[in-house]
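Here's a short walk through one model, from the inside out. Have the sequence and the 3D view open as you read.

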Amino acid sequence: MNDEIGNKISLSDFEPYFREDYLHFGDVVNPPETSDRQAGVIWEILSLGQGSSVLELGCGYGRIANRLAKKGAHVTGLDLSPILLKEAEADAAERGVNVEYFLGDMRSLPWRDQFDAAFLWYTTFGYFDDADNERVLREAASSLRKGGRLLIDHHNRVLALRHKLPICYVAQRNDDVKIDIVSNDVLSDRSHIERIIVRDGCVRRTHLSFRQYGFSEFVRMLRSAGFETVEAYGEEGGAFTSDSSRLMVVAHK
């Protein structure tokens, strides 16, 4: 993937990262009880209720979308990976819920004034260059009804920059291992993940990069996209501080 400032990033750049290996380690990285808890946090922060219409951008294999549907929301999910969407549909069928899943690009959405709420979870925002990241926010705003809410779950850049990098994260499932080596480029404000998969006797390497934004940047971008108010929360909806592991931004249209 080419992440230099000013260079365009295409969906095909992400395809190797979001394949079977991503699924294989899914429940190790995010166990079911973690996904249950996160779905509850989203439900509360977005003030969802029975029948609320919700859009998840970058829904992956449906670990959050299907849980929100189980709670009674009408959920639509969009993702770039056919492999992950197929798993999301299978999981929805197993749970007995109806979620509409679409293959697509979050920079170009087909919906207008349709949803009560939308969200990007688990650092799904920031994959593109600044212009296209802001385009994602404009598209999200256009998909929402007046009074709609947008939630973005993001890294806390302040905390991340205090860490001595690179950092290595390891996940293991039986004899298979996933190693993520994370580093920051302070000139471009991008975080880079070099992923090494050791599975079934093979070694595979993939790469992912995302732009790290601070809260003041989110406020500027979201207001420019058409949102009226912007709020900050820490992990699981608590107060946001410099020590928070996550920055959760909620914008109201």
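Leucine 151 sits in strand β5 (strands are DSSP runs of E, at least two residues; helices are runs of H or I, at least four; both are numbered from the N terminus). With a relative accessible area of 0%, leucine 151 is buried (buried means under 20%, exposed over 50%, partly exposed in between, with a 1.4 Å probe and protein chains only). This is a predicted model, in which local features need pLDDT of at least 70 and side-chain atom pairs count only at pLDDT 80 or more, while totals for chains, interfaces and linings use all residues. Residues are numbered from 1 along each chain as its sequence is written, and side-chain values use heavy atoms, leaving out hydrogens and water.

What does leucine 151 touch, once neighbours within four places in sequence are set aside? Its contacts (heavy atoms within 4.5 Å) include Ile42, Leu46, Trp121 and Val250. Glutamate 100, by contrast, is 51 residues away in sequence and 20 Å away in space, C-alpha to C-alpha.

Now for the bigger picture. In soluble globular proteins, nonpolar side chains tend to be buried together. Here, the largest nonpolar core has 41 residues, and Phe125, Leu150, Ile152, Phe218 and Leu222 touch the most other members (a core is a set of buried Ala, Val, Leu, Ile, Met, Phe, Trp, Tyr and Cys residues joined through side-chain atoms within 4.5 Å). Elements that each supply at least two residues include β1 (53–57), β5 (144–155) and β9 (202–211). Helix α8 gives the most, with five residues. There's also a second, separate core of 27 residues, with Ile64, Ala73, Met248 and Val250 among them.

Arginine 190 belongs to strand β8 (residues 190–199). Is arginine 190 buried or exposed? It counts as buried, because its relative accessibility is 4%. Its side chain has these polar partners (a polar contact is a pair of N or O atoms within 3.5 Å; within protein, one must be able to donate a hydrogen and the other to accept it, and residues adjacent in sequence count only if both atoms are side-chain atoms):

| Arginine 190 side chain to | Distance |
|---|---|
| Phenylalanine 128, backbone oxygen | 2.9 Å |
| Serine 209, side chain | 2.7 Å |

Finally, valine 29 lies in helix α2 (residues 26–29). Valine 29 counts as partly exposed, at 34% relative accessibility.
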